[in-house]
Amino acid sequence: MKLKRTLFIIAMVFVSTLTIAQTSNNVWRDLSEVTYKIGEDDFGELYIPVFSDKIKKLEGKVVEADGYIIPFEGMFKPEHIILSSLPLAECFFCGSGGPETVMEVMMKNPIKYTSKRVRVRGKLTLNDKDPEKLMYIVVDAEILN
């Protein structure tokens, strides 16, 4: 009986580790399942994100995402970065990717800018209300590499 219980616990740890690894490796793919509806504000027409059920299930969860820090002239703040799943030349702000390929990241501790790929971990927040912010915001984030 003790052996069965031990094997069960080992199996559960293994499965949960795989689940966490799969989620973190696929977060950008999961976040790409967003659609948009057209709305209006005081300044005119705007696209409002409509999050899939898969994305909604990620809200409030700790996620890991890897990507590139997007440097905005005069706007890089070591505690508040923009992370892109695509290299700088292909990122959303440069024309190739969509808004689902970038996220705001609020760091626990300030970081130094690097052009190398980085990996962050933090709690995902979804934004479909404030057009001044990105639709994906990761808070309490820390850099993993």
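This presentation covers the strand barrel and the salt bridges of one structure.

The model is predicted, so to speak of local features we require pLDDT of at least 70, and side-chain atom pairs count only at pLDDT 80 or more, while totals for chains, interfaces and linings use all residues. Residues are numbered from 1 along each chain as its sequence is written, and side-chain values use heavy atoms, with hydrogens and water left out.

I begin with the barrel. Five strands close into it in the order 3-4-5-7-6, with mixed pairing; strands are DSSP runs (E, at least two residues) and helices likewise (H or I, at least four), numbered from the N terminus, and two strands pair if DSSP finds at least two bridges between them. Strand 5 (residues 102-107) and strand 7 (residues 136-143) run parallel and are joined by three bridges. Within that pair, Glu 104 has Ile 137 as its bridge partner.

I turn to the salt bridges. The structure holds nine, each being a side-chain nitrogen of Lys or Arg within 4 Å of a carboxyl oxygen of Asp or Glu. One of them joins Arg 119 to Glu 64, with the closest N and O atoms 3.1 Å apart. Arg 119 lies in strand 6 (residues 118-126) and Glu 64 in strand 3 (residues 62-69), so this pair ties together parts 55 residues apart in sequence. Arg 119 is buried at 19% relative accessibility, where buried means under 20%, exposed over 50% and partly exposed in between (1.4 Å probe, protein chains only). Arg 119 also meets Asp 66 in a salt bridge at 3.8 Å, N to O. Through shared partners, Glu 64, Asp 66, Arg 117, Arg 119, Arg 121 and Glu 142 form one network.
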